[in-house]
Amino acid sequence: MRPPLIQLCLRVMAFSFLFLGGSSAGAATSAWVSMGTCGLNYRTDANGNRIIDYSYAGYHGGGAALPVVVVEATVTPVAGNNSANIQAAINAVSARPLVGGFRGAVLLQPGTYSVTSPISITASGVILRGSGSGTGGTQLSMSGAAFNLFAITGSGNYAASGTPMTMTASYAPVGTITFTVNSTAGYAVGDTVLVRRLVTQAWVDLMNMNNLVRNGAAQTWIGVGSNIETDRVITAINGNQVTLDVPLTDSFDANYTAGTIVHYSFNGRISETGLEHLSILAPAQNANISTPQYEAMNMGNVMNGWVQDIAVQDTDNSFSVGGGTKEITFSGVTVTHTTNFTQAAGPADFAYSGTQTLFENCASKGNTGVWAFVGQAEATGPNVMLNCFSDARGLSPHQRWSTGSLADNCQFGGGGTGTPGIAYSNRCEDGSGQGWDAGWSVGWNCTSSDFQILNPPGTLNWAIGCIGTEDAPGSCAGSAEVQGTYDSLGTHVTLGSYTSLYLAQLAARQGLLCHTATPTRGSTSTNTPTRTVTLTETNTATLTKTKTNTSTASRTATPSLTATPSPTGTSSATPTLTHTRTMTMTETNTVTSTKTNTNTSTNTATNTCTNTFTSTHTATNTPTNTSTNTPVDTATVSPTNTGTSTPTATLTSSYTWTVTSTSSATATSTLIRTSTPTLSPTGMATATLTLSYTPTFTASLTWTATSTPTWTRTHTPVFTATPSLTPTATVSSTATVSLPCAGIPAWNGNFVAYSLGQEVSDGGELYKCIQAHTSEPNWEPPVVPALWQPLGPCGFTPTVSSSCPGIPAWNGNFVAYSLGQEVSDEGELYKCIQAHTSEPNWEPPVVPALWQALGPCGSTPTAVLAPVVYPNPAMGSAVTLAMPQATSANVTVGIYTVSLRMVRTIQAGNLNSPNLVVTLIDKSGVNLANGLYYFVIQANGRKWTDKVLVLR
């Protein structure tokens, strides 16, 4: 039985919200991306084009922490060439079965390994791990003839199949994920597809790439009739409308191109593989790039791969991410050069093709004559450089239409005109007609000596919040170039607390920007959730509530005499009556309701009030004179179980008016009532009601002498409410499950056959088998989340309730769920935060990247933390968790990955204060790897969690 996931109510306090890229002091805001009430707002051009959502770049589509894979083979350094020994260990692990997507890691013990030949990884789930990139770690020293040290490559290629779908819209803007096609027959949600953009002569002519000439010979930019392809997945189909998982990074204009979508397979592509924690040393050289070079690594035909914590010296064309790659992360990779490169064509330290590659905290140092980051031909993003650095040249997509690149909070030295810090430019006939090299790309809060940002025809490139000099446009093939789109040049911009566009977009996509208030329990919240409130009762009941209000108002008017001795005249008086009342309501959510009643009556008026929650009051108001008044009842409903009620109330009011002179009067009133309930620890909402009632009297009086007419009003409304509860409430079941370690068998790694649903204990934690298997010695439950689901520590008592009334239950039978859709699962509410098609093992509690927990049925959602970035923290950097509800309780705090794999358990014992300091390290004492994590607290038989993004 799965524990209920987990109300969102941890509060992180006392952090410094410092984001890489400098202080936000004095920062401006962007005209193109800005903070909204629940996410980000994007400005579009006349065709609907906008800055794309770059947060999908990186391992598993962005935001996922890199895994720590169990070691299955160990290598120590030997004299002579070590390449064969390392390769043999990789081959041995490659022969192991895949378990949860992984085969295992090969660990290189500390020391120096001489290598003279290439090393390759060609199987999924294999990781090569050193013992550190610094002093005392693992160093691979290259020698002999120049060669590429590591090749992480799959095989084969994209294999298209089926009848292509053709885009039918006249224009599909960049940044969209939804568009129409001629037919969706033969396609289904979950299909992998290639989005193809046809290169036509009309488009080449529009781009002025049709007349490139170099040394008297015509140059071809991109061949007419070819296709620029983007790798995507279908997440929804609605008639002939298709929705993809990641935005398009180029526009589709039917006047210049055609778009098609076709299903593909890629059987040879490998996944879940990486290189980490080592250094590479190569002989320094200054050789033409057409000759063999010492290279660190190339990667091709890989999905969900990574390279982290690698220090490299003196390789050229150091890291290459080739075709067929998708969702790749480079983290903490540095290339240092000890000699200048003086050849005509410079090498690149980081070159990328494919899609969804993230370089974060990567650097190119001493790179005179070397390009730091280069986008290759027809690379389709999103591809991101986040918090990256170079001494000289920075980012240049380089050639032949790379789209959707982002340089975010980067510091690039730049080499002056021709080698700027960021070059989204037209290389014209250079390099055999490289032409326009970048479209729909952004420089965000970057610093460099200069920027060359140009707008290709029909396209935008942006420099937003960048500090440096704006290079002037030139010309190509006799046609003048157009300056790019500069916004806030010279001043960094912010998005709320963020200086990073990537991180703000990631927070928005994770649903972390939708709550702006962070109240502690029992305080006042200004959040206004939009979920419908449902009143719940134990059974059918009748509630009678009588409320009597008595108010008296008087008004004295002194009219002006117009004649003597028998004057006549007209007197007008405007009495104002203000009532202030306190109303106590029982709510299951925080609701703002506004009621407006406007009545003009001479004798009898009927007044109907409508609430924004499911309780409907119908009131009949019968005054005995010319007035309108709406009494307000005060009632408290304290349900003890779940159900739905629609109370109906009849209001009867009586009025007595006394006028001490002969007059006639007409009363017109407008009643506006606004209530804003606020949170309380028990779910009660208290509102203060202000009733402004302004009748206007016009009295025509005949005077025989000076007189002072006086109006006296006595008002005694009587309210009788008899709500009828319909339908009869359904009593929910409440089960308490006790999972003590006593009686639960300990996990056994000696080849024990475990069945689906079987529970074991390990290290004081409980786990449930979610995939039948036979254990092996190194498959402990905490390190194989594909096999074991953590249930919490020994003795934890989860509470499981029935499905939520009116909310459909989650269905794992390949159901297409859309963004924002709500489901219930074992008494808990969830909201879809990423459109997808369900699979049997993708329950909402175990895939938080897809579902946001809203709390138990009928609960009030609480505010969610924004991700926090820690700029280069020292070992043991900590956060403070505010837990007033756990004071003096036996508390356990755990750190989990997004797949709910436990990283570390913290036994806090009994707390003597409402705050707990948690260090950001794993159970081995190593700093947490970059990515999204959960802090989970368990106390007093309850469980809470929140998301925190770590980025160093």
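Strands are DSSP runs of E with at least two residues, numbered from the N terminus. The model is predicted: local features need pLDDT of at least 70, side-chain atom pairs count only at pLDDT 80 or more, and totals for chains, interfaces and linings use all residues. Residues are numbered from 1 along each chain as its sequence is written, and side-chain values use heavy atoms, with hydrogens and water left out.

Within this pair, Ser-402 has Ala-438 in S36 as its bridge partner. Next, display the whole of strand S33 (residues 402–408): seven of its seven residues are buried, that is, under 20% relative accessible area with a 1.4 Å probe, protein chains only.

Thr-380 has its bridge partner in S33 at Thr-403. Then select strand S37 (residues 442–444), joined to S33 by three bridges, again in parallel. Here Leu-406 stands opposite Val-442.

Now move to the open sheet of three strands, ordered S64-S65-S67 with antiparallel pairing. Strands S64 (822–825) and S67 (851–856) stand at the edges with a single partner strand each, so one side of each is left without a neighbour in the sheet. Neighbouring strands of this sheet are turned by 30° against each other on average, direction ignored; the axes are lines fitted to C-alpha atoms, and angles run from 0 to 180 degrees between N-to-C directions.

Finally, select S64 with strand S65 (residues 828–832): four bridges join these antiparallel strands. Asp-825 stands opposite Glu-828 in S65.

Note on methods: Pairing = 2+ DSSP bridges. Buried < 20%, exposed > 50% of the residue type's maximum accessible area, 1.4 Å probe, protein only.
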